[in-house]
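Please look over the sequence and the 3D structure below.

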Amino acid sequence: MPAPDAVVIGAGPNGLVAANVLADAGWHVVVLEAQDEPGGAVRSDRGVHPDYVHDLFSAFYPLAAASPVLGSLGLERHGLRWSHAPDVVAHPLADGRCPVLSRDLRRTADSLDGFAPGDGAAWERLHRLWRRTGDDLLACLFTPFPPALAGLRLTARMGPDLLRLARTMLLPARRFGDENFAGEGGRLLIAGNALHADLGPESALGGGFGWLMCMLGQSHGFPVPVGGAGRLTEALVARLRERGGDVRCGHAVTRVVVRAGRAVAVRIDDGTEIPARRAVLADVPAPLLYRRLVGEEHLPPRVRADLDHFQWDFATVKIDWALARPVPWACDGARGAGTVHIAEGVDALTRFAGQLAMDQVPDVPFTVLGQMTRADPSRSPAGTESAWAYTHVPQHVRADAGPDGLRGRWNEREKEVIADRVEAGVERLAPGFRAAVLARRVLAPPDLERRNAALIGGAVNQGTTNLHQQLVFRPLPGNGRPRTPIGALYLASATAHPGGGVHGGPGANAARAALRAHRLTPWR
């Protein structure tokens, strides 16, 4: 059998996007995946209860809905269908107030006016700014750095306001909220969405990221694949196989074979070498790729030194529930939202982020909760709810901010304690929640990593979203492009620009770089 033109390591969304882009160009592609099924962090199962579908990792996909990369693949022709909850995000408070982000702009604005008259108009003003700049900002996000064409369009569109836009994007979430809203509702939507990454209210870039996520929700919603996250993976795999690509699961790559400074093959766990005629693309976190698969002996000293400073994002604990009935929110605004944020104000978010910064397990977790049956009725029987929640914990625990002495061992006792803290926050806003639980699954950082080796310590974004590791600093100081120090080896994972989220940007960028290099040096 002839050697493939390219080998892709990892069948996560970026690896599968990269393989599809190469297959569209006529390359024969083999994708190797260590797990028994493809998908990486885009998978679903019935492991909590046989009648309930739960997404193992990622669940809502605003970036996928907005991504020109995924949009160009026509995945709907391969069975993918999207579904939406009635509302996008809600943030209920103990006093009964609740800001609601809806795809209906008027509903969002009315929700914020309930906190302070005029905040609805402020939200509409921010939405007008998004309508003016959003397409170009997304083009900048999804293309290799520097985004020349999109950047020129944005400059021409904004004129003298470009620097003001740049300042807005760099603001911390707290400052962004203070400058734009008189009441707490808008501030909570911005700051809560920023903490979907590891950007606390005082982190630079948090305001811009929170605004971007809110505007994606306003314009595109937070859609979910009908039937579970795995349906997105199934569509990517079906499209690739239709074009002659091959996905092989249960084959862990243990080495990238480098000869004369060039990647020429990969070695899998049974010792077999699979040659790559033109390129190897790695949907693998950069530290794992360079240190474990390539080997430091092949790396320049500056790369070895820079790897010592690579920063992972927060670790994650995820809880899945099979509920006998919908979550009994005391606040009406939370009942129709697919995503619900749980924290009693921006100050509580600052406290949570501060405890993480001190490597303490938070005593009162900020929780992101998903109501999946609300978003997609196929996920569980009528009248029930397939729900999950996640919160963050430190990568390296030094202390417990609570009374239980958690040390980051994440044994069964510690998993139960952190899950109980999360449930206590839900119960406070939805009395009777715990009585509705039929079954529960707790996935601590080691559990997430065992199910997906790319989630080091439960870091779901494959590296911090903070400014010092973005653009030309992602994953290491350089040019923000997918080329590596090894010839014909390309970084296709979320550790590359533009980073985490299911949008396919890193995979598409790596594939295009490989195609461009082959056109320039076809004898390779």
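Is glutamate 242 buried or exposed? Glutamate 242 counts as exposed, at 56% relative accessibility; buried means under 20% relative accessible area, exposed over 50%, and partly exposed in between, with a 1.4 Å probe and protein chains only. This is a predicted model, in which local features need pLDDT of at least 70 and side-chain atom pairs count only at pLDDT 80 or more, while totals for chains, interfaces and linings use all residues. Residues are numbered from 1 along each chain as its sequence is written, and side-chain values use heavy atoms, with hydrogens and water left out.

Glutamate 242 has a charged partner: it forms a salt bridge with arginine 243, and the closest N and O atoms are 2.9 Å apart. A salt bridge here is a side-chain nitrogen of Lys or Arg within 4 Å of a carboxyl oxygen of Asp or Glu. Arginine 243 is partly exposed, at 29% relative accessible area. Across the whole structure, a search finds 46 salt bridges.

Another of these pairs joins the side chains of arginine 132 and aspartate 161, at 3.8 Å from N to O. Arginine 132 lies in helix 5 and aspartate 161 in the loop between helix 6 and helix 7, so the pair ties together parts that are 29 residues apart in sequence. Helices (H or I, at least four residues) and strands (E, at least two) are DSSP runs, numbered from the N terminus.

Now turn to helix 7 itself. In this helix, residues 162-170, the residues Leu165, Thr168 and Met169 are buried. Seen down the helix axis, the buried residues fall within an arc of 95°, so they line one face of helix 7; the arc is that of the directions from the axis to the C-beta atoms. An α-helix has 3.6 residues a turn, so residues three or four places apart point the same way. The face turned away from the buried side of helix 7 carries the exposed residues Leu163 and Arg164. On the buried side, the residues pack against helix 5, helix 6, helix 8 and helix 10, where contact means heavy atoms within 4.5 Å.

The last stop is helix 16. Its buried residues include Val417, Ile418 and Arg421. The side chain of arginine 421 meets that of aspartate 404 in a salt bridge of 2.8 Å, N to O. Aspartate 404 lies in the loop between strand 19 and helix 16, and arginine 421 in helix 16, so the pair ties together parts that are 17 residues apart in sequence. Arginine 421 is buried, at 10% relative accessible area, whereas aspartate 404 counts as partly exposed, at 31%.
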